[in-house]
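Subject: Predicted model, with notes

Hello,

Please find the structure below. My notes on it come after.

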Amino acid sequence: MFRTGPRNLITDVAGLSVGNASDARLKSGVTTVLCDEPAVAGVQILGGAPGTRETDLLEPHNSVETVHAVVLSGGSAFGLDAASGVQAALRERGIGFEVGGFRVPIVPAAILFDLRNGGDKDWGRYPPYRDLGYETVQAAGSDFQIGTTGAGTGALTSGLKGGLGSASTLLDNGVTIGALAAVNPIGSVTISRSRHFWAAPFEIGDEFGGLGCPSPMPDDAKSILLKFREAFTGKADAGGNTTIAVIATDAVLTKAAAKRLAMSAHDGFVRAIWPTHTPADGDLVFALATGRSGIRLEADAAIDLYAAAGATMARAITRGVFAATPAEGDLFPVWSSR
């Protein structure tokens, strides 16, 4: 049986902290995962419309092995500026990859589309995301809010507000795995229009309501509820959605194994969202391995880790929608209103 860490957050993985910065008027924000020491990293992109920075260096055949932070941001392509703010904050602290006498913070980033969510995007010449990114570093800690905050501030799903979610799992061998997700998919996290979540079989306790699966299953459970998004924001366009996430562990992993971890975490998208990985989603998972447990996994233990990655990600995605709160000017209701 899986059990959660003490916080049920990605920060149960030793060596990580998380900071959020939000702008209520903008209905957008930024979330940063900071690494106490450089962490081995990987990435897997399965959505058809990603927006990213520094993802090529994460491929196993490329030279840089570790990163200093990972950024999830709203704002579509404008939100990629957030990584520059995080870089600036890390550089002030003397953190970075040393090359040629200089320190360069390695900060991969991914964005979601939240421009058409009712927020005021008239920001003038330059978007605010660089400053928001800087703020996340100052705010980082072991405890952080989920729901309508950070990169999930303006997130929407098919018919409900999305949000920022997180979860953790403790394995019997002492390894911890954690997930963080900014949930803004074209698909639905609930089964049809019900209060029940697709990820119900993976819930631990009542972390997202304890409702289980509906019985009987609604006749329209397999329907694709795009009409909810179209009713409020017009026809869904390519690049108009996206769930971006981080999966992390304190196990010792190679760069190739970190990529495999990111691949496995995408199973959580499939378990929590219907449909997912569409041409209009930019679905992406970063993987981080801090190695703080000192545990190197044999084959059987590795299978357990990758299975837990999918389950933990499904729970994090669901908790983001479950924890969303209403705000002035919202286009969609929150889950709790059902």
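Residues are numbered from 1 along each chain as its sequence is written, and side-chain values use heavy atoms, with hydrogens and water left out.

Helices (H or I, at least four residues) and strands (E, at least two) are DSSP runs, numbered from the N terminus. Helix α1 spans residues 82-92, and its buried residues are Ala82, Ala83, Gly85, Val86, Gln87, Ala89 and Leu90. Buried means under 20% relative accessible area, exposed means over 50%, and partly exposed is in between (1.4 Å probe, protein chains only). The cover over these α1 residues includes the strands β2 (28-45), β3 (52-53), β4 (66-73), β6 (102-104) and β7 (109-111), together with helix α2 (129-139). After α1 comes Gly94, which has a positive phi near 75 degrees.

Two packed helices are described by the angle between their axes and the distance between the axes. For α1 and α2 the angle is about 45 degrees and the axes are 6 Å apart. This makes α1 oblique to α2. Axes here are lines fitted to C-alpha atoms, for helices over the stretch in contact, and angles run from 0 to 180 degrees between N-to-C directions. Angles under 35 degrees count as roughly parallel, over 145 as roughly antiparallel, 65 to 115 as roughly perpendicular, and the rest as oblique.

α1 and α2 cross in a right-handed way. A crossing is right-handed if the near helix is turned clockwise from the far one by less than a right angle, and left-handed if anticlockwise. On the α1 side the contact (heavy atoms within 4.5 Å) involves Ala82, Ser84, Gly85, Val86, Ala88, Ala89, Leu90 and Glu92, and on the α2 side Tyr129, Arg130, Gly133, Tyr134, Thr136, Val137 and Gln138. Sorted by class, the contact of α1 with α2 has 8 nonpolar, 5 polar and 2 charged residues. Ala, Val, Leu, Ile, Met, Phe, Trp, Tyr, Cys and Pro count as nonpolar, Asp, Glu, Lys and Arg as charged, and the others, Gly among them, as polar.

Helices α4 and α5

Helix α4 covers residues 255-272, and its axis comes within 7 Å of that of α5, crossing at roughly 45 degrees. α4 and α5 are therefore oblique to each other, and their crossing is right-handed. Among the α4 residues in the contact are Arg260, Leu261, Ser264 and Phe269, and α5 contributes residues including Leu305, Tyr306, Met313 and Ile317. The contact of α4 with α5 divides into 11 nonpolar, 4 polar and 3 charged residues.

Salt bridges

The structure holds 11 salt bridges, each a side-chain nitrogen of Lys or Arg within 4 Å of a carboxyl oxygen of Asp or Glu.

One of them joins Arg25 and Asp120, at 3.1 Å from N to O. Arg25 sits in the loop between β1 (16-23) and β2, and Asp120 in the loop between β7 and α2, 95 residues apart. Arg25 is partly exposed at 44% relative accessible area, and Asp120 is partly exposed at 35%.

Asp330 and Lys27 form another salt bridge, at 2.8 Å from N to O. Asp330 is in the segment after α5 (299-322) and Lys27 in the loop between β1 and β2, so this pair ties together parts 303 residues apart in sequence. Asp330 is partly exposed at 24%, whereas Lys27 is buried at 6%.

Glu37 and Arg292 also form a salt bridge, with their closest N and O atoms 3.3 Å apart. Glu37 lies in strand β2 and Arg292 in the loop between β11 (284-289) and α5, so the pair ties together parts 255 residues apart in sequence. Glu37 is partly exposed at 43% relative accessibility, and Arg292 is partly exposed at 43%. Elsewhere, salt bridges that share partners join Arg7, Asp12 and Asp143 into one network.

Two single residues

Glu328 is in the segment after α5 and is exposed, with a relative accessible area of 78%. Glu328 and Lys27 are 301 residues apart in sequence and 9.7 Å apart in space, C-alpha to C-alpha.

Ser76 is in the loop between β4 and α1 and counts as buried at 16% relative accessibility. Neighbours within four places in sequence aside, Ser76 is in contact with Ile111, Leu112, Phe113, Asp114 and Leu115.

Regards

Methods: This is a predicted model: local features need pLDDT of at least 70, side-chain atom pairs count only at pLDDT 80 or more; totals for chains, interfaces and linings use all residues.
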